[in-house]
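Me: I would like to learn how to read the features of a protein model. Please take them one at a time.

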Amino acid sequence: MGLGPIHTVTLAIARHKAEAARRLLQDGVDPIDEKQARAASERVQAARAMTFKQCAVAYIAAHEASWRNSKHRKQWTNSLGTYAFPLLGDLPVASIETDLIMKVLEPIWPKKPETASRVRMRIESVLSWATARRYRSGDNPARWRGHLDQLLPARRKLKRVEHHPALPYRELPSFMARLREEDGIAARALEFTILTACRTSEALGARLQEFDLKLGIWTIPGSRMKAGREHRVALSQRTIEIVETATTEREYLFAGGAKGKPLSNMAMLKLLARMGRDDLTVHGFRSTFRDWAAEQTNHPRDVAEMALAHVVGDKTEAAYRRGDMFEKRRRLAEDWAQFCVKPLPATAEVVPIRG
């Protein structure tokens with residue numbers, strides 16, 4: 001059994017350690033086993049001293065590389081910093097139990113159910129990480145199923161989901177006619193967004209190098225997509241014309257006032273307000289497109305869903321489906337562009353023959 005380095009342990013200290021070890025042997029205790037057990041106990045005590053905040057910071061550092069953008073990290077840091085750290089931050093992670101979780105969630109659960117749900121899931125993830133690192137033991141007090149679902153009402157029962165206001169598809173052609181009369185980059189951005197049925201952030205972040213106008217394809221990189229996967233958009237003739245009006249000197253298709261920045265996401269909303277349609281949202285036009293595709297065309301559901309960059313099918317189906325139905329989506333895009341400029345025929349009036 002080693003007693004320590006000669007440059008640190010004096011002869012007197014070594015004799016004292018040796019005597020203590022012999023006493024343990026006399027009591028039937030292996031001094032080496034006892035030393036290892038004491039070191040393990042000290043490690044456990046050190047681990048128990050890890051605070052929830054320290055574990056949260058470590059969890060974020062370990063996982064941020066897998067997150068798509070810095071916004072996700074900010075959401076984690078801000079939500080935990082606002083709601084969890086004031087109560088849990090300085091507490092040992094090993095001591096956090098259900099009553100403390102409830103103190104965090106109860107004040108915000110009825111008022112901000114969406115935020116509260118995300119805070120709960122993030123606390124649960126941090127505590128699971130701490131358990132895996134042996135900083136705590138036992139069940140996770142922040143888990144929902146079979147635990148907090150017995151203490152808190154389901155989120156869906158607290159607040160009805162409010163969908164983005166959408167324009168009925170029958171009104172779209174007349175709206176588009178008005179929109180084409182509007183001048184300015186915001187008007188062209190909104191027209192482009194509607195014709196491509198893309199998200200606001202995808203349209204405003206579009207860069208000129210993403211477009212192949214000869215093939216009529218706009219390729220959005222995965223880093224700018226909600227699902228994190230590259231998405232190809234079929235361009236109609238009108239969207240190609242909008243892209244061609246952009247000068248090659250601009251980095252973004254829809255450049256903002258500040259150099260090197262895209263158009264503000266408020267620009268299109270302000271345009272809608274000026275047009276007297278502040279009852280609408282830009283995102284709602286995706287619903288308009290989806291309703292039209294379902295009710296006015298024979299295009300398959302999956303084609304319409306892929307045009308919206310939605311995930312189609314479960315993971316097993318996605319593993320076997322490698323294509324993106326692009327040529328079918330191209331035909332859908334052309335039909336949509338034609339509909340946007342051609343009003344639906346008026347509903348026929350039935351006249352009784354014997355009237």
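Me: In what order do the three strands stand in the open sheet, and is the pairing parallel or antiparallel?
Reply: This is a predicted model, in which local features need pLDDT of at least 70 and side-chain atom pairs count only at pLDDT 80 or more, while totals for chains, interfaces and linings use all residues. Residues are numbered from 1 along each chain as its sequence is written, and side-chain values use heavy atoms, with hydrogens and water left out. Strands (E, at least two residues) and helices (H or I, at least four) are DSSP runs, numbered from the N terminus. Two strands pair if DSSP finds at least two bridges between them. Here the order is β1-β2-β3, and the pairing is antiparallel.

Me: Which strands stand at the edges?
Reply: β1 (211-212) and β3 (231-234) do. Each has a single partner strand, so one side of each is left without a neighbour in the sheet.

Me: How many bridges join β1 to β2?
Reply: Two bridges join them. Asp-212 has Ile-217 of β2 as its bridge partner. The hairpin of these strands has four residues between them, and Gly-216 there takes a positive phi near 70°.

Me: Over how many bridges do β2 and β3 pair?
Reply: β2 (residues 217-220) and β3 pair over four bridges. Ile-217 has Ala-234 of β3 as a bridge partner, and Trp-218 stands opposite Val-233 in β3.

Me: Which helix lies across β2 and β3?
Reply: Helix α16 (residues 326-341) does, running at about 40° to β3. Axes are lines fitted to C-alpha atoms, for helices over the stretch in contact, and angles run from 0 to 180 degrees between N-to-C directions.

Me: How are two packed helices described?
Reply: Two packed helices are described by the angle between their axes and the distance between the axes. In this model, the axes of α3 (residues 52-63) and α4 (residues 70-88) come within 10 Å and cross at roughly 170°. Angles under 35 degrees count as roughly parallel, over 145 as roughly antiparallel, 65 to 115 as roughly perpendicular and the rest as oblique. The two helices α3 and α4 are therefore roughly antiparallel to each other. Contact (heavy atoms within 4.5 Å) involves residues including Phe-52 and Tyr-59 of α3 and Trp-76 and Leu-80 of α4.

Me: What percentage of the residues count as buried?
Reply: Buried means under 20% relative accessible area, exposed over 50%, and partly exposed in between (1.4 Å probe, protein chains only). Of the 355 residues of the protein chain, 38% count as buried.
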